[in-house]
Each structure stands twice: as C-alpha cells, then as structure tokens.
Amino acid sequence: KSFTFAFEGLKTALKQEPNFRIHIIMAVIALFIGAYLRLTATEWIILAFTIFYVLTLELLNTVMEAVVNLVSPEYKHYAKVAKDVSAACVLLAAILSLIVGLVLFLPKIISLGAN
C-alpha cells in the first residue's frame, strides 16, 4: 500500500509541479547524453545519484511549500523564510548537477571533437 501512496505522490508532482517536470526533462536529456557518450559504470552511478538528489530535493521543496501553506495560509515572515530556503536547497542541487554534468560530459565531448 505504501508503494501506491509513493507513486501517487510522484503522479501529483508530475501533474502539479512545473519545476519537477523541468527536472525530469533535464534528467532524460542527461541520460541520453550519457548513453551517447558511453559513460563508464562509475560515471553512471555519479549521474544517477546527481539526478535523484535534485529530484528528491524538488519533492521535499514541494512538501515544505504544502505544509507551510497549510499551517500558515496568511503571509508570515518565517513561513517565507522556510519556503525560500527550501527553494534555495533545490537551486544548489541544480547548480551541483550542472557542475557534475560538465565534469562528466565535457571531456568526452572535447575528445569527440579531437577525433
């Protein structure tokens, strides 16, 4: 039963959260690039962890926003702080994912151009 709830949560995030959809699209693009560039097993693990890190934080950000909206429907300074800092977590993860992508993909792309 808990798997059903978990998949419902993913469905809800896909339907209602545009940023989650953007992260999914970017993940799919990264996976295709990784396949094209023939990543090593270690590189695949690093890419997978990075993708799931960003997606997990995006889901947690959604949870934080929902809970804050539930307990504090009116504007409160600390509610804003909680939501902003939660969003900042996702931003940092996205920046990290860009760095990881550059480290994994750029040398292989450069070597393709050299051949």
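1. Basis. In this predicted model, local features need pLDDT of at least 70 and side-chain atom pairs count only at pLDDT 80 or more, while totals for chains, interfaces and linings use all residues. Residues are numbered from 1 along each chain as its sequence is written, and side-chain values use heavy atoms, with hydrogens and water left out.

2. Largest pocket. Its volume is about 540 Å³. A pocket here is an open set of points on a 1 Å grid over the protein atoms alone, where a 1.4 Å probe fits, with protein on both sides within 12 Å along at least five of seven lines; lining residues have an atom within 4 Å of a point. Of the 25 lining residues, Met26, Ala27, Ala94, Ser97 and Leu98 are the closest to the centre.

3. Its lining. Helices H2 (18–36), H3 (41–71) and H4 (77–114) each supply at least two residues (helices are DSSP runs of H or I, at least four residues). H4 gives the largest share, 10 residues. By class, 18 lining residues are nonpolar, 6 polar and 1 charged.

4. Second largest pocket. This one holds about 160 Å³ of space. Its lining includes Gly9, Thr12, Leu59 and Val63, and H1 (2–16) and H3 each supply at least two residues. The classes are 4 nonpolar, 4 polar and 1 charged.

5. Ser72. This residue is in the loop between H3 and H4. Ser72 counts as buried because its relative accessibility is 9% (buried means under 20% with a 1.4 Å probe, protein chains only). The Ser72 side chain reaches the backbone oxygen of Glu74 at 3.1 Å.

Technical notes:
Points joined across faces, edges and corners; volume = space filled by probe spheres on them. Nonpolar A, V, L, I, M, F, W, Y, C, P; charged D, E, K, R; others polar. Buried < 20%, exposed > 50% of the residue type's maximum accessible area, 1.4 Å probe, protein only. Polar contact = N/O pair within 3.5 Å; in protein donor to acceptor, adjacent residues only side chain to side chain.
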